[in-house]
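Look at the structure below with its sequence at hand.

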Amino acid sequence: MRYWKIGAKVLAVVIALGVVVAAIMHRAFARQAVPLTLGQLSVLRGALEVYKEDQGRFPLALDTLVRPDGKYLMKGSFPRVRMFLDRPHKDGLSSIYYGRQSNDAGGWIYDNEKGSPTFGRVWVNCTHTDHRGSAWGSY
């Protein structure tokens with residue numbers, strides 16, 4: 001009977017340590033999401049600027065940036081949102097939505113409305129905040 005009590009205490013300590021380690025790892029992964037996503041956003045915005053310089057305007061659709069010659073973006077290398085996966089988004093992290101307001105579905109949102117003051121702007125389609133408290137859509 002004595003061994004059972006000792007075993008139960010050891011098991012409780014191991015479980016408690018596991019919970020602490022899981023919380024630390026969760027926070028570490030969440031911190032990595034911000035620079036990764038900002039890097040992908042920078043690639044996408046850079047491709048938009050090059051397109052605008054070449055064409056004299058922003059594209060109406062982001063998939064226009066994907067070209068076989070890779071002038072703007074290579075096929076199969078479209079930037080993905082690297083947001084930590086603890087947010088309840090409907091769609092994948094590389095989905096593209098169009099409009100001027102985030103719908104919190106995940107992926108990117110691109111303002112393709114001609115005449116809009118933010119025409120040509122792309123941002124993370126999320127209304128949640130990152131680990132620092134900054135709204136994802138504010139980047």
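Leaving aside neighbours within four places in sequence, which residues is Val 122 in contact with? They are Leu 41, Leu 44, Arg 45, Leu 48, Leu 62, Trp 108, Ile 109 and Tyr 110. Contact here means heavy atoms within 4.5 Å. This is a predicted model, where local features need pLDDT of at least 70, side-chain atom pairs count only at pLDDT 80 or more, and totals for chains, interfaces and linings use all residues. Residues are numbered from 1 along each chain as its sequence is written, and side-chain values use heavy atoms, with hydrogens and water left out.

Next comes the core. A nonpolar core is a set of buried Ala, Val, Leu, Ile, Met, Phe, Trp, Tyr and Cys residues joined through side-chain atoms within 4.5 Å. Buried means under 20% relative accessible area, exposed means over 50%, and partly exposed lies in between (1.4 Å probe, protein chains only). The largest such core has 20 residues. Leu 44, Leu 48, Leu 62, Leu 65, Trp 108 and Val 122 touch the most other members. Helix 1, strand 4 and strand 5 are the elements that give two or more residues. Helix 1 gives the most, with six. Helices (H or I, at least four residues) and strands (E, at least two) are DSSP runs, numbered from the N terminus.

Take Leu 62. It sits in the loop between helix 1 and strand 1. Its relative accessibility is 0%, so Leu 62 counts as buried. Not counting residues up to four places away in sequence, Leu 62 touches Leu 44, Leu 48, Phe 78, Ile 96, Tyr 98, Tyr 110 and Val 122. Leu 62 and Ile 109 are 47 residues apart in sequence, yet their C-alpha atoms are 9.5 Å apart in space.

Pro 79 lies in another loop, between strand 2 (73–74) and strand 3. Pro 79 is also buried, at 0% relative accessibility. With residues up to four places away in sequence not counted, Pro 79 touches Gln 40, Val 43, Leu 44, Leu 73 and Trp 108.

Three strands form an open sheet in the order 3-4-5, with mixed pairing. Strands pair if DSSP finds at least two bridges between them. Strand 3 and strand 5 stand at the edges with a single partner strand each, so one side of each is left without a neighbour in the sheet. The twist averages 30° from one strand to the next. Strand 3 and strand 4 run parallel, joined by three bridges. Tyr 98 stands opposite Tyr 110 in strand 4.

What about the rings? Rings of Phe, Tyr and Trp (its six-membered ring) pair if their centres lie within 6.5 Å; planes under 30 degrees apart count as stacked, over 60 as edge-to-face and the rest as tilted. The count comes to four aromatic pairs. In one, the centres of Phe 58 and Phe 119 are 6.1 Å apart and the planes stand at 75°, so the pair is edge-to-face. Phe 58 is in the loop between helix 1 (2–55) and strand 1 (66–67), and Phe 119 is in the loop between strand 4 (108–110) and strand 5 (122–124), 61 residues apart. Phe 58 is buried at 11% relative accessibility, whereas Phe 119 is partly exposed at 21%.

Tyr 98 and Tyr 110 also form an edge-to-face pair, with 6.2 Å centre to centre and 80° between the planes. Tyr 98 belongs to strand 3 (residues 96–98) and Tyr 110 to strand 4, twelve residues apart. Tyr 98 is partly exposed at 37% relative accessibility; Tyr 110 is buried at 0%.

How values were computed. Axes are lines fitted to C-alpha atoms, for helices over the stretch in contact, and angles run from 0 to 180 degrees between N-to-C directions.
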